[in-house]
Amino acid sequence: MIPIKKQYRRLRSLLFALSSVIMFFIFWELIALYSPSPYVPDPYSVLKAFITMLTVGDIDGYTLTWHALVSLERVLLGFIVGAATGVPIGMLLGIKPTLKGAVTPIIEPLRFIPPIAWIPLSIVLLIGLWRYIFLIWIGVFFPVLLDTIAGVKRTSITLIQMAKTFGADNKKIIARVIFPSSLPEIMNGLRVGLGVGWMCIVAAEMIGGEPVGLGRLILKYANLLQIDVVIVGMITIGLIGLTLNYFILLLEKRLFKWRVEIRA
Amino acid sequence: MKKAILLESVSKKYEVGSSSLEVIKSLTFDVNENEFVCIVGPSGCGKTTLLRLVSGLEPPTSGRILIFGDPPDPRKQRFGVIFQEDSLLPWRTVIGNVKFGLELQGYKESEHEKIARTYIELVGLQGFENYYPHQISGGMKKRVAIARALAINPDLILMDEPFADLDAQTRSLMQRELLNIWSKLNKTVLFITHNVEEAVFLAQRVFVLTKRPSRVKQIINIDLPYPRARLSPPFISYRERILTAFHEELEGI
């Protein structure tokens with residue numbers, strides 16, 4: 001049984017959230033109404049476009065669901081490659097500070113180059129799906145790498161010494177102490193990495209070629225000056241990003257029951 | 001008979017930048033099998049370094065350390081080390097932590113559960129097997145660390161100010177229980193502390209170290225039967241003797 005006071009507080013925060021959503025739509029409606037440009041769609045026309053995209057599909061016949069699935073596939077592939085490289089390299093660099101010192105001058109400037117800038121090179125260097133994977137990887141790799149390094153560094157020296165006094169070799173120390181101890185940071189890096197990777201989808205799909213993908217949908221309709229569909233694409237990207245983040249948070253909660261901070 | 005611990009003119013220097021810091025200088029002592037020895041000394045006198053040397057985590061700069069006749073190596077000998085800091089793996093439950101040493105020492109997996117439960121019971125934590133470290137008190141965490149150290153049937157128990165962070169009541173309770181466990185299991189214990197009363201309460205022999213670089217200043221046999229009454233005149237006179245030696249060192253700093 002939830003106490004009345006708590007129930008009241010819940011209801012109040014729900015009302016606040018609802019009213020801010022309503023305010024948002026009113027604001028949007030006003031911008032659409034008073035904008036000098038004829039291309040700013042109001043919420044209602046976006047809703048209509050949303051339904052059309054879901055049921056009928058775009059000019060090439062692809063539905064919104066299909067666009068989303070194709071984009072998700074690309075992002076998840078890029079994410080898997082990003083995790084499979086970021087975590088081990090991060091562990092290695094965290095454990096070997098001299099190596100980290102050696103590669104920092106390469107890694108640090110690289111991570112400030114936005115995925116969009118990599119498009120020409122990826123077209124020259126790679127083919128097909130690998131171009132997408134590479135551009136998503138750019139977004140995923142660095143957060144995963146940096147958080148993994150941070151996690152390794154945070155590992156308590158006492159725990160490592162304790163394992164040594166029990167006769168653990170380096171391999172066992174890494175597998176049984178450093179890795180599990182860094183796992184919360186690694187998961188955080190994966191969550192941020194997946195989010196950033198997902199945000200790279202538009203850039204990745206600027207490569208052109210195939211007509212499917214949420215980024216492609218946005219670009220296609222931007223060229224047609226049909227901004228209502230562009231916004232449908234934007235909202236879909238936002239909602240899917242939110243959902244992905246939520247699922248990883250849920251996984252973190254289950255994995256890290258042992259953490260005091262997450263208990264509440 | 002081989003000594004459980006034997007140190008022969010052991011020195012340890014650390015290179016700090018261009019200068020070198022001598023923490024331990026020609027330290028010589030021995031500990032018999034099944035003996036309970038406390039080492040007291042002023043803070044910063046290299047007590048923790050000494051423990052790292054004895055457990056083979058670091059080699060001495062010069063001199064010789066022998067554990068039952070062999071140089072210390074945690075892969076060949078069994079050390080039950082209990083640290084001052086919290087050394088439990090926070091992602092493992094109580095029983096998972098106790099099993100950790102068994103796993104690393106290559107005990108058969110089928111035995112882990114039974115051995116772990118035996119030692120959890122020995123330290124009085126039955127019923128808490130599936131708790132995570134953040135759910136139990138500081139004293140209970142120490143008990144888990146002790147159970148984990150004992151579970152591997154160690155050749156030596158090395159304790160580095162294990163009870164320093166506990167409140168006074170819990171500390172004296174843990175001291176009594178440690179003595180109970182020691183008398184049951186017949187283990188050699190090297191216990192490092194800066195608390196003189198703790199040393200007199202626990203040890204058969206107390207080694208007082210000098211300030212850095214450490215040598216043994218004095219060895220005091222505590223000829224009192226267990227359990228010891230902290231307010232009895234002989235206890236107090238032992239305490240005063242050690243405190244005097246201890247304070248001479250403190251004043252020198």
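1. The model is predicted. By class, the lining of the largest pocket holds twelve nonpolar, four polar and four charged residues. The pocket has a volume of about 400 Å³.

2. The lining of the largest pocket comprises 20 residues. Those nearest the centre of the pocket are A:Gly94, A:Ile95, A:Val152, A:Ile160 and A:Ile178. Two or more lining residues come from each of α3, α6 (129-154), α7 (157-165) and α8 (170-199) of chain A. Of the contributions to this lining, the largest share is that of α3(A), with five residues.

3. Helix α3 of chain A, residues 64-95, also packs against another helix of its chain. Its axis comes within 7 Å of the axis of helix α10 of chain A, residues 214-223, and the two cross at roughly 125°. Because of that angle, α3(A) is classed as oblique to α10(A).

4. On the α3(A) side, the contact is made by A:Leu64, A:His67, A:Ala68 and A:Ser71. The α10(A) side supplies A:Leu214, A:Gly215, A:Leu217 and A:Lys220. Sorted by class, the residues of this contact are four nonpolar, three polar and one charged.

5. Chain B is assigned two segments of domain 1, 5-77 and 155-251, and a domain 2 that covers 86-154. The C-alpha centres of these two domains of chain B are 25 Å apart. Their contact involves 17 residues of domain 1 and twelve residues of domain 2.

6. How many cavities of 30 Å³ or more does a search of the whole structure find? The search finds two.

7. Which residues line the largest cavity? They are B:Val123, B:Arg143, B:Ile146, B:Met174, B:Glu177, B:Leu178 and B:Ile181. Five of the lining residues are nonpolar and two are charged, with no polar residue.

8. Two helices of chain B, α4 (138-151) and α5 (168-185), each give at least two residues to the lining of the largest cavity. The largest share, four residues, is from α5(B). In terms of domains, domain 1 and domain 2 of chain B each provide at least three residues of this lining.

9. The second largest cavity is lined by B:Ile82, B:Ile146, B:Leu150, B:Ile157, B:Leu178, B:Ile181, B:Trp182 and B:Val189. Here too, α4 and α5 of chain B are the elements that give two or more residues to the lining. The greatest contribution to the lining of the second largest cavity, three residues, is made by α5(B).

10. By class, the lining of the second largest cavity consists of eight nonpolar residues, with no polar and no charged ones. For the largest cavity, the corresponding counts are five nonpolar, no polar and two charged. B:Ile146, B:Leu178 and B:Ile181 are among the residues that line the largest cavity, and they are also among those that line the second largest cavity.

Notes. Residues are numbered from 1 along each chain as its sequence is written. Chains are lettered from A and ligands numbered from 1 in the order in which they are written. This is a predicted model: local features need pLDDT of at least 70, side-chain atom pairs count only at pLDDT 80 or more; totals for chains, interfaces and linings use all residues. Side-chain values use heavy atoms; hydrogens and water are left out. On a 1 Å grid over the protein atoms alone, a cavity is a set of points where a 1.4 Å probe fits but cannot get out, and a pocket is an open set with protein on both sides within 12 Å along at least five of seven lines; lining residues have an atom within 4 Å of a point. Grid points are joined across faces, edges and corners, and a volume is the space filled by probe spheres set on the points. Ala, Val, Leu, Ile, Met, Phe, Trp, Tyr, Cys and Pro count as nonpolar, Asp, Glu, Lys and Arg as charged, and the others, Gly among them, as polar. Domain bounds come from an automatic or database domain assignment. Axes are lines fitted to C-alpha atoms, for helices over the stretch in contact, and angles run from 0 to 180 degrees between N-to-C directions. Angles under 35 degrees count as roughly parallel, over 145 as roughly antiparallel, 65 to 115 as roughly perpendicular and the rest as oblique. Contact means heavy atoms within 4.5 Å.
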